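Please look over the structure below.

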Amino acid sequence: MAEKNTYPVQLVQPDGRRVLDRVHAPLVADVDAGRLRAMFTDMTVARRIDTEATALQRQGQLGLWPPLLGQEAAQIGSAHALQPDDYVFCSYREAGVAYCRGVPPEQLTTLWRGAAHSCWDADAVRMTNPAIVVGAQGLHATGYAYAAHLEGAEIATIAYFGDGATSQGDIAEALGFAASWSAPVVFFCQNNHWAISAPVRVQSATPIARRALGYGIPSVQVDGNDALAVLAVTRQALIRARSGGGPSFIEAITYRMGPHTTADDPTRYREPAELELWRRRDPIDRLRRLLEREGMWDSDFEQDVVIRADEVAARLRSATLGMPDPEPMRLFDHVYATPHRLIEEERREYAAYLEHEAHLEGAQS
């Protein structure tokens, strides 16, 4: 990884013009019009998923939703660098990555509606479910990566987290272990500038990427609103991991244009001018301008993207509204991988409680 970079890696400017970068441009030299269009489509669909889920929460159909608005390039660019056998350890905001890994739209809101403890089958798509405990997934990714290394599997893992998570001890421990044991893990920090209401300057007085250097882990800053640059640096880190080079750290500098979650009001702690500045750096607009500049954009493609995004949103909404409530006793399923005495005891107690409540209800009627 290029540790000497003074500025974040950028391959596409906000106006759509290419940037001459002899180090990173070759990493995406194979990305043709078809791949760029696919990335644009996935970014647009990810935003549509986000706006639909946010609307569902506002309408009382979801208990909570963590918006990804503004972070589409960081998520889709990195997801397109992954191989099918790689394993993703996410936080709670990576709905765009989940979509790219093959999670059906119908499964994206299960947890957030309170219908289950999780959303999808992690092993089916090789991506963990949303992790609410901030930073814990860094340890999980490192442990999985090290186990894969011991077994001789030529795969990589990637751990997604935000700038706020870098202040958690879990991330520090994961970096230390990964560096000491050369675990093939990529630490992918989406620096969206705000850990709820705490600005990134409170999280770190120095660029977050430099923290990794203290552990002996190569790090790089990338323009997180430039999907092509994100794809390049993530490919570079994954190649390093799969080839036995050990861990890498990526700081994707992006911006959360919406609230931290739908329970948050960002107008209480950030200025409108800041939001407007980052709106002019919108990652989807940037990739569209590149496509237009290089003759890869036409009305038929635009219409296809809209149709695809609407289709996914309709599937997500229909599935959410039609999602059955779980049976009460399912609360105890999948707590542990194997039977546990305490869980079985609690299961019996809760069953007795439900039976008693049903008896009382019957008597009153």
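In what order do the 5 strands of the open sheet stand? The order is β1-β2-β3-β7-β6, with parallel pairing. This is a predicted model, in which local features need pLDDT of at least 70 and side-chain atom pairs count only at pLDDT 80 or more, while totals for chains, interfaces and linings use all residues. Residues are numbered from 1 along each chain as its sequence is written, and side-chain values use heavy atoms, without hydrogens and water.

**Sheet**
- Strands are DSSP runs (E, at least two residues), and helices are H or I runs of at least four, numbered from the N terminus.
- β1 (87-89) and β6 (219-223) are the edge strands, each pairing on one side only; pairing takes at least two DSSP bridges.
- β6 pairs with β7 (residues 248-253) in the parallel sense over 5 bridges, and Q221 stands opposite E251 in β7.

**Cavities**
- The structure has 2 cavities of 30 Å³ or more.
- A cavity is a set of points on a 1 Å grid over the protein atoms alone where a 1.4 Å probe fits but cannot get out; lining residues have an atom within 4 Å of a point.
- The largest cavity holds about 100 Å³ of space; of its 14 lining residues, Y92, E94, A95, W112 and P130 are the closest to its centre.
- The second largest cavity holds about 40 Å³, and its lining includes V12, N225 and D226.
- α10 (227-242) and α12 (283-293) each give two or more residues to the lining of the second largest cavity, with the largest share, 4 residues, from α12.

Notes: 1 Å grid on protein atoms, 1.4 Å probe; cavity = no way out; pocket = protein on both sides within 12 Å on 5 of 7 lines; lining within 4 Å. Points joined across faces, edges and corners; volume = space filled by probe spheres on them.
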